[in-house]
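This report concerns a protein shown together with a ligand. Please look at the structure below before reading the description that follows.

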Amino acid sequence: MSRLSEAELEKMIKVLEGIVSKEYVSTNLFERIKNTLDVYPYEVQREQICYAVVMPGTTQEISEIMKYANSIKVPVFIRGSGTHLGGNYRPHAPGIVINTHRLDKLEVFEDCGYFECEPGCIVARVADKLAELGYFLPMAPGSRQIATMGGIVVNNTSGHIVDPSIGKPGDYLLGLEVVLPDGEIIETGTKGLRRPAGTDLTKLFLGGDGLLGVITKIRMRLVPQPERAYGLAVYKDLLSLARGVQRMYLERRPAPLFMEFLDDRAASFGFGLRGLESPGGPV
Ligand SMILES: Cc1cc2nc3c(=O)[nH]c(=O)nc-3n(C[C@H](O)[C@H](O)[C@H](O)COP(=O)(O)OP(=O)(O)OC[C@H]3O[C@@H](n4cnc5c(N)ncnc54)[C@H](O)[C@@H]3O)c2cc1C
């Protein structure tokens, strides 16, 4: 795909500003590079840098951006916080980046047993809000302070360690609102707590890394806070740590809701930062 000419680019920016307002379209080089990068330290290539970063505030705006981008054949890349470790996020050609951070509404419908949030909500913020009301967000990525709900749902993973106990985000999803690549807005799933027994379109959008559409609303059932206790175990080496974890799964119920491993060097460093003595082994 050839790059847009200066005149085409200028026209595109004007149209995007008309959709989301001037304030929410950035052509600043720093913003463009920042929104093109992911967590990996590899250099960004000039031809990867996006033309513009757009921060829509509504589903309708996303729909209009998709329709317009389609009409001029410019690729669109969707960005939560760019923390995906699969390298999937990085744009491979110049295009429009839709940054979802402005879409951060969260509503809890206790009487209906679910909550709805927009994709730009930060996972930890949703977890804290639900915890205040006595509910538990069944997602435990190490990136919870920065990753977005949209990024996690699209990825359909929140940690392999907690999969046997918590499951995947998709296990709790009741429905989604999605803007398809041609700009059509669809709703999937249900507002009832009983999910469809047959084909449920919701699942189609899980794990696809945004290839099939932009998720603009997420509906998940409310899960009561489980009773919990925290623990720390020090092992003599990594092999015994691995065996210990295996036994936790095989012999004990309930399985861990969250787990983090540190080798002895990382553990010593972390303990040192807190003014504590080295634990003397992996933790
Ligand atoms: C320090 C660290 C710890 C981590 N720990 C874990 C962990 O414990 N468990 C785990 O499973 N993962 C972990 N991850 C990776 C995790 O998968 C990401 O943090 C998260 O899923 C991505 O969220 P994000 O908002 O950064 O999405 P991004 O990286 O911005 O996007 C991820 C993908 O989803 C697409 N996308 C984003 N939003 C939307 C949307 N609204 N609609 C459609 N497509 C969209 C993007 O185009 C991209 O392809 C970790 C990452 C880091 C950096």
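In this predicted model, a backbone N or O atom of glycine 82 lies 2.7 Å from an oxygen atom of the ligand.

| Residue | Part of the residue | Distance to a ligand oxygen atom |
|---|---|---|
| Glycine 82 | backbone N or O atom | 2.7 Å |

The ligand is surrounded by 30 residues. The closest of these are Ile78, Thr83, Ser143, Thr148 and Asn155.

The description now turns to the domains. The protein is divided into domain 1, covering residues 6-99, domain 2, covering 106-221, and domain 3, covering 230-283. Taken over C-alpha atoms, the centres of domain 2 and domain 3 are 30 Å apart. Seven residues from domain 2 and seven residues from domain 3 take part in the contact between them.

The size of an interface is often expressed as the accessible area lost when the parts come together. Between domain 2 and domain 3, about 640 Å² is buried, and carbon and sulfur atoms give 72% of this area. Within domain 2, the residues that lose the most area to domain 3 are Ile161, Pro164 and Ser165, which together account for 59% of what that side buries.

What classes of residue does domain 2 present on the side that touches domain 3? That side has six nonpolar residues, one polar residue and no charged residues.

Key. Residues are numbered from 1 along each chain as its sequence is written. This is a predicted model: local features need pLDDT of at least 70, side-chain atom pairs count only at pLDDT 80 or more; totals for chains, interfaces and linings use all residues. Side-chain values use heavy atoms; hydrogens and water are left out. Domain bounds come from an automatic or database domain assignment. Contact means heavy atoms within 4.5 Å. Buried area is the accessible area (1.4 Å probe) that two parts lose on being put together, summed over both. Ala, Val, Leu, Ile, Met, Phe, Trp, Tyr, Cys and Pro count as nonpolar, Asp, Glu, Lys and Arg as charged, and the others, Gly among them, as polar. A residue is near a molecule or strand if one of its heavy atoms lies within 4 Å of it. A polar contact is a pair of N or O atoms within 3.5 Å; within protein, one must be able to donate a hydrogen and the other to accept it, and residues adjacent in sequence count only if both atoms are side-chain atoms.
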